[in-house]
Amino acid sequence: MNKIKIIIAGPRGRMGTEAVKLVTTTNHFELAAVLDHKYDGMMLSDVAGFQSISNVPIYTDIEKCVQEVEADVLIDLTTPEVGMYHAKTALEHNVRPVVGTTGFTKENLAELEAICREKELGCIIAPNFAIGAVLMMKFSQLAAKYFHDVEIIEMHHDQKLDAPSGTAVKTAEMISAVRETKKQGHPNEKETLTGARGADYDGMHIHSVRLPGLIAHQQVLFGSDGQTLTIRHDSYNRASFMSGVKVAVETVMKQNNFVYGLENILD
Ligand code: NAP
């Protein structure tokens with residue numbers, strides 16, 4: 001079986017470091033190169049923390065990287081602007097993106113979907129690679145058929161750049177697909193402090209908590225007469241996302257279309 005040749009963007013990041021571990025310890029994966037805005041032209045083994053990883057060049061420019069290195073898949077774990085540029089450029093060079101970077105806009109997703117359609121190439125974008133989080137979203141969608149009042153509370157570390165989290169937005173989208181639009185709360189409710197009721201998605205409210213010490217957590221609260229239901233998922237470290245990244249890399253190689261959300265590739 002041929003190894004899947006992979007480029008990782010953002011290798012020094014918290015997610016990127018775990019992805020480097022995943023790729024270099026999986027028999028049928030090969031780390032072909034990394035993309036980093038620092039250390040251009042050096043080898044990954046020259047960078048602190050990666051001394052044991054040999055023969056992996058560092059590029060800053062993705063164009064140059066994909067021209068010089070043979071690769072099947074790009075794993076992007078950077079920032080939304082950079083990630084979008086990386087994903088587009090990868091597709092243009094027939095490299096399949098697996099994107100964990102969050103904060104892509106609807107327009108970004110539509111643009112990538114159009115390129116995939118034109119090139120007939122696979123691309124997977126997953127705001128949450130934790131399989132437990134995917135199940136939380138699926139269970140929430142099921143519950144929303146019966147409970148129409150929902151509040152989503154997502155809690156992340158305080159270095160997170162985007163709010164609400166991609167997972168919270170994806171959960172709201174999935175709930176919206178089965179729930180009729182409903183403005184929740186009292187019709188005359190007023191915020192005496194702006195933002196007290198959180199963000200409004202189709203009448204549902206999303207609250208974003210940012211605290212040091214947290215990793216990635218979400219609870220979806222449903223309420224109806226005399227009962228509540230809480231569905232909760234917690235990621236305690238970034239390794240929790242890697243089984244999903246592995247499945248996504250394996251799956252994207254068999255695909256010729258655009259997929260948004262890990263739930264769409266799990267049985
Ligand atoms: P992080 O620790 O800040 O890592 C981001 C990395 O990207 C940093 O090492 C940064 O380098 C690097 N970077 C910035 N610009 C770059 C460029 N032009 N080229 C290459 N690398 C560049 O963040 P993180 O916690 O790993 O998260 C990364 C992304 O994944 C975020 O969007 C986050 O929301 C998302 N995330 C997704 C999941 C999921 O399951 N899908 C789970 C957790 C996080 P410097 O440090 O030098 O700036």
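**Strand pairing and the ligand site**

Modeller: Asp 200 stands opposite His 205 in S9. Strand S8 (residues 199–201) and S9 are joined by three bridges and run antiparallel; here strands (E, at least two residues) and helices (H or I, at least four residues) are DSSP runs numbered from the N terminus, and two strands pair if DSSP finds at least two bridges between them. The model is predicted, with local features requiring pLDDT of at least 70 and side-chain atom pairs counting only at pLDDT 80 or more, whereas totals for chains, interfaces and linings use all residues. Residues are numbered from 1 along each chain as its sequence is written, and side-chain values use heavy atoms, with hydrogens and water left out.

Two residues separate S8 and S9 in their hairpin, and Asp 202 in the turn has a positive phi of about 55°. On S9 (residues 204–210) there is also a parallel pairing with S7, made through six bridges. Within S9, His 207 is the residue opposite Ile 153. Between strand S7 (149–156) and helix H6 (166–176) runs a loop that contains Pro 164. The peptide bond joining Ala 163 to Pro 164 is cis, with omega about -5°.

A further hairpin is formed by S10 and S11, with two residues between the strands and a positive phi near 75° at Gly 226. Strand S10 (residues 216–224) pairs with strand S11 (residues 227–235) over nine bridges in the antiparallel sense. Arg 232 in S11 is found opposite Gln 219.

There is also an open sheet of seven strands with parallel pairing, in the order S3-S2-S1-S4-S5-S6-S12. Strand S3 (58–59) and strand S12 (258–260) are its edges; each has a single partner strand, so one side of each lacks a neighbour in the sheet. Strand S1 (residues 4–9) lies parallel to strand S2 (residues 29–35), and six bridges pair them. Val 34 in S2 is the bridge partner of Ile 8. The loop between S2 and S3 holds Asn 55, whose phi is near 60°, a positive value in a residue other than glycine.

Turning to the ligand, 23 residues surround it, and the closest are Arg 12, Met 15, His 37, Thr 102 and Phe 129; a residue is near a molecule if one of its heavy atoms lies within 4 Å. By class, this shell comprises eight nonpolar, nine polar and six charged residues (nonpolar: Ala, Val, Leu, Ile, Met, Phe, Trp, Tyr, Cys and Pro; charged: Asp, Glu, Lys and Arg; polar: the others, Gly among them). A side-chain N or O atom of His 37 is 2.8 Å from an oxygen atom of the ligand. For Lys 38, a polar side-chain atom is 3.1 Å from a ligand oxygen atom. Gly 100 places a backbone N or O atom 3.0 Å from a nitrogen atom of the ligand. The ligand taken alone exposes 920 Å², of which the protein buries 79% (Shrake-Rupley method, 1.4 Å probe; for residues, only the protein chains shown count as cover). Helix H1 (14–25) and helix H3 (80–92) are the elements that give two or more residues to the shell around the ligand.

Conventions: Polar contact = N/O pair within 3.5 Å; in protein donor to acceptor, adjacent residues only side chain to side chain.
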